[in-house]
Amino acid sequence: MSEDSVGDWLQVVHDRYPPAQAAGWDNVGLQVGDPHWPVERVLVALDVTGEVVAEAAAGPPTLVLAHHPLLFRPLSSLTPSSAAGRTALAAASERVAVVAAHTNLDVAQDGAGTSQPVADVLELVDQRPLTTELREGERTKLVVFVPPEALDAVIDGVSAAGAGRIGDYERCTFRVAGTGTFRPLPGSDPYSGEGIGVDAQEDEFRLEVELPTRKAGAVVRGLIDAHPYDEVAYDLVPMYDGAEVGFGLVGELAEPARLAEVAARIRDRLPAPHLRFAGDPDRLVRRVATAGGAGDGLIGAALGSGVDVYVTGDLRHHVTLDAVEQGLALIDAGHHATEAAAMPAFADRVEHDARERGLTASVVASEVDTVPWR
Ligand SMILES: [Zn+2]
């Protein structure tokens with residue numbers, strides 16, 4: 001039986017929760033470790049603290065699969081002088097790998113998304129995302145302006161560097177004819193026209209070709225080498241693959257209930273022992289929005305969606321006052337409580353996919369309690 005590796009498990013996580021679906025500011029994926037390290041146990045945790053690393057180090061070769069990135073803000077050194085540096089250093093020296101699935105898990109529609117637990121305990125019907133965002137795909141379009149006689153050379157140059165492949169076709173391009181204008185300034189070396197200072201018009205083609213974004217540097221070098229102009233005019237345009245990701249959830253209660261009752265239901269069933277709410281306790285609640293974790297950035301979306309109450313964590317004083325003032329009740333169920341409740345489904349989905357691929361490491365929940373509040 002072959003041994004599981006960190007890379008095997010990373011692939012499972014990324015196939016289900018693609019890093020491309022994470023927010024641009026996020027930092028997800030393999031944060032500590034070598035893809036070749038063996039893995040006999042996957043420890044699922046909300047946070048990666050020193051205690052969690054110690055728990056991981058005490059067992060067989062372990063990968064910590066966490067929701068919150070251990071490395072989030074850039075580090076300038078890997079020393080014990082910061083909490084993240086101390087923990088990452090400990091993980092590396094104990095050969096504990098750390099993988100994070102953060103906003104790419106938040107947006108999951110497989111029942112493991114971090115907004116799901118609150119929606120589930122309230123049994124919200126007609127659930128839909130609170131907001132949607134478009135994510136960039138992994139392809140880029142190159143648009144370049146080319147004189148007719150240089151078309152073949154430019155297509156050769158960019159194709160050799162990896163552009164123009166679509167499925168089983170290569171040298172895929174599109175072009176339309178048009179007119180380019182320019183006035184050469186002193187110091188330029190114009191390919192055509194009447195010389196320095198004279199306005200010129202030239203027949204050119206606008207040539208379009210797709211490429212994998214990761215090959216953009218090589219393709220631009222291939223383009224510039226093949227193109228006859230001393231200044232090549234080109235655009236690199238990110239291509240959206242049309243995939244939208246949704247943050248938060250909105251839905252309706254099967255039966256309207258008082259705000260105080262809704263709050264009590266979440267407190268008891270999530271559970272959310274540090275829950276607090278803002279608004280008239282007797283207010284009748286029908287529509288509910290929720291976002292796991294720190295959700296004050298989505299209060300505007302909650303207001304716009306016409307819900308009676310917004311359930312999230314980490315709500316600040318003034319943000320809360322303003323929302324209540326605008327007619328929105330708030331339930332702060334706690335950052336930890338809302339997201340910790342999603343960890344069992346997260347572990348379950350990853351384990352399911354891993355078994356289908358023949359991976360054998362055990363998947364266990366961390367026993368460390370990372371709630372800082374007492
Ligand atoms: Zn969080």
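**Strand β11 and the sheets of a predicted model**

Strand β11, spanning residues 309-313, is mostly covered, with five of its five residues buried. Here a residue counts as buried if 20 or more other C-beta atoms, placed from the backbone, lie within 10 Å of its own. Helices (H or I, at least four residues) and strands (E, at least two) are DSSP runs numbered from the N terminus. Residues are numbered from 1 along each chain as its sequence is written. The model is a predicted one, in which local features need pLDDT of at least 70 and side-chain atom pairs count only at pLDDT 80 or more, while totals for chains, interfaces and linings use all residues.

In a regular strand the side chains alternate between the two faces of the sheet. In β11, V309, V311 and G313 point one way, and Y310 and T312 the other way; all are buried.

What lies alongside this strand? On pairing, β10 (residues 284-294) joins β11 in the parallel sense over four bridges, where two strands pair if DSSP finds at least two bridges between them. V288 has V309 of β11 as its bridge partner. Strand β12 (residues 329-332) is likewise paired with β11 in the parallel sense, over four bridges, and T312 has D332 in β12 as its bridge partner.

Helix α9 (residues 299-304) forms a right-handed β-α-β unit with β10 and β11, and helix α10 (residues 317-325) makes a right-handed β-α-β unit with β11 and β12. Right-handed means that, with the strands pointing away from the viewer, the path from the first strand over the helix to the second runs clockwise.

Another part of the model holds an open sheet of five strands in the order β1-β4-β3-β2-β13, with mixed pairing. Because β1 (29-32) and β13 (362-365) stand at the edges with a single partner strand each, one side of each is left without a neighbour in the sheet. From one strand to the next, the twist averages 25°. Helix α12 (residues 343-356) lies across β2 (41-45), β3 (62-66) and β13, and runs at about 175° to β13. Axes are lines fitted to C-alpha atoms, for helices over the stretch in contact (C-beta atoms, placed from the backbone, within 7 Å), and angles run from 0 to 180 degrees between N-to-C directions.

How values were computed:
Buried ≥ 20, exposed ≤ 12 C-beta atoms within 10 Å, placed from the backbone. Contact = placed C-beta atoms within 7 Å.
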